[in-house]
Each structure stands twice: as structure tokens, then as C-alpha cells.
Amino acid sequence: VPPKVRPASHGDLDELTELWLAIGRHHEPLDPSFRLRVDAAGEARRLLGAWLRDPDAAAFVCGPTGVDGICPARIDGICLVRIDRAPPIQQETARAEISDVGVRPEQRRRGIGSALVAEALGWVTARGVARVEVRVAHGNPEGQAFWRALGFGDFMDVLHRRT
Ligand SMILES: CC(C)(COP(=O)(O)OP(=O)(O)OC[C@H]1O[C@@H](n2cnc3c(N)ncnc32)[C@H](O)[C@@H]1OP(=O)(O)O)[C@@H](O)C(=O)NCCC(=O)NCCS
């Protein structure tokens, strides 16, 4: 059965927040800059609520639709994407960024992540945007393998140092 991907709605906010924080926790051991605050959940929920209202942003989830909009049963994966616009200096003035993708550990390697990204790419191309970026941590081998399997290649290196 192909994964059922749909746009997230307000009723998904609790699970969306839970899965988003799980992606954050996945990154925490990789670098201190990824450490979450103990009270991150409230702010994350607020931010995701704003994301759902932003016409230049979209969130997709994998899972069933709730009855009468009362969501949901369980969501197995999420993907967040948004369009960034630049002043008309370079020829390209819009690009998309997939800022987050995450699948519950027990549901991985079943095509859910790919299906979520395919939906996000469809949303991007429907808006006439021709290029999408992702930032993937060097210490995240499954993330690296995933994006490269989907045809994403090296573009910029983000370097950092502690002051
Ligand atoms: C990265 C992630 C979203 C992938 O989700 P998924 O549903 O397992 O991905 P898919 O099943 O669609 O995998 C597609 C392809 O990506 C590659 N891939 C995915 N996970 C991989 C892994 N752990 N090791 C090597 N290759 C991997 C494979 O080529 C895979 O195809 P295959 O299963 O036929 O070999 C998931 O591992 C995850 O949630 N990780 C934690 C959060 C995270 O790191 N997100 C990315 C941040 S940039």
C-alpha cells in the first residue's frame, strides 16, 4: 500500500509538534547547537501553527485523515517546506527549502520519507519554483543517504566555529 500523504491541518498540530520535536531530538547528540530547551514544545506548537497559516509554507503528513476534520489517527511522518524570496539581483528570485522531514523510527525504509518529499516537490513546482534546498547535518548519515538517494547533491558547505 503506498503511503498516504496529505497536507497537514490544524487538527494535526499535536502530532506535528511531537514528530517535529523528535527530529530535533535526533539532531541533539550531533552538536550542542541542536540542543532543545526543556520547554520547547509550546513554542514549537505555536511556530507550526503559524506555518500552517503561511501561504508561502506547507506541511505534509503521512497518515489517515480524521473523521469530520477531527484529526487524526496516527501520523507516521512529516515534511515542512517553504518558499524563500530574494530581491531581483540574481536571475533566480525564489527557491524552496525543505526544512524538516522525519518518519517514526519503526516506519522507516518503507517509502514514507520519499512520498512526503515528492508531495513537497509537487507543491513547490506548482508555485513555479524551480529549485529546492535542504540543510543536512554532516553527522546524520541516514539523512545524507536519504537526500542523495532522492537526487539532491552538494551545493554549499555551512562551516562554523565556536568563538
Ligand atoms: C531520513 C528519513 C526521513 C528517511 O525516511 P524513510 O521513510 O525511511 O525514507 P524512505 O523509505 O523513503 O527511503 C528512501 C531511500 O533513502 C535512502 N535511505 C533512507 N534511509 C536510509 C538509511 N538509514 N541508510 C541508508 N540509506 C537510506 C535509501 O536509498 C532509501 O531507499 P531504499 O529503502 O529503497 O533503499 C528518516 O530516516 C528519519 O526520519 N530520520 C530522522 C530525522 C532526519 O534525519 N531527517 C532528515 C533531516 S535532514
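**View 1. Arginine 82 and glutamate 97 link two strands.** In this predicted model, arginine 82 has glutamate 97 in β4 as its bridge partner. The two strands involved are β3, residues 77-85, and β4, and they pair in the antiparallel sense. Nine bridges join β3 to β4. β4 itself is mostly covered. Of its 10 residues, seven are buried.

**View 2. β4 also pairs with β5.** Here the sense is parallel, and two bridges connect β4 with β5, residues 132-133. Look for alanine 96: valine 132 in β5 stands opposite. Together, β4, α3 and β5 form a right-handed β-α-β unit.

**View 3. The sheet has five strands.** The sheet is open, and its pairing is mixed. Read across, the strand order is β1-β2-β3-β4-β5. Which strands stand at the edges? They are β1 (5-7) and β5. Each has a single partner strand, so one side of each is left without a neighbour in the sheet.

**View 4. β1 meets β2.** β1 and β2, residues 57-62, pair in the antiparallel sense. Three bridges hold this pairing on record. Find proline 7, then look across to β2: the bridge partner there is phenylalanine 60.

View 5. At arginine 109, a polar backbone atom lies 2.8 Å from an oxygen atom of the ligand. At glycine 113, a polar backbone atom is also 2.8 Å from a ligand oxygen. Asparagine 140 uses its side chain: an N or O atom there is 2.8 Å from an oxygen atom of the ligand. How much of the ligand does the protein bury? Taken alone, the ligand exposes 910 Å², and the protein buries 77% of that.

**View 6. A shell of residues surrounds the ligand.** The shell counts 20 residues. The closest are Val103, Arg109, Gly113, Ser114 and Asn140. By class, eight residues of the shell are nonpolar, seven are polar and five are charged. Which element gives the most to this shell? It is α4, with five residues.

Conventions:
Residues are numbered from 1 along each chain as its sequence is written. This is a predicted model: local features need pLDDT of at least 70, side-chain atom pairs count only at pLDDT 80 or more; totals for chains, interfaces and linings use all residues. Side-chain values use heavy atoms; hydrogens and water are left out. A residue is near a molecule or strand if one of its heavy atoms lies within 4 Å of it. A polar contact is a pair of N or O atoms within 3.5 Å; within protein, one must be able to donate a hydrogen and the other to accept it, and residues adjacent in sequence count only if both atoms are side-chain atoms. Accessible areas come from the Shrake-Rupley method with a 1.4 Å probe; for residues, only the protein chains shown count as cover. Helices (H or I, at least four residues) and strands (E, at least two) are DSSP runs, numbered from the N terminus. Ala, Val, Leu, Ile, Met, Phe, Trp, Tyr, Cys and Pro count as nonpolar, Asp, Glu, Lys and Arg as charged, and the others, Gly among them, as polar. Buried means under 20% relative accessible area, exposed over 50%, partly exposed in between (1.4 Å probe, protein chains only). Two strands pair if DSSP finds at least two bridges between them. A crossover is right-handed if, with the strands pointing away from the viewer, the path from the first strand over the helix to the second runs clockwise.
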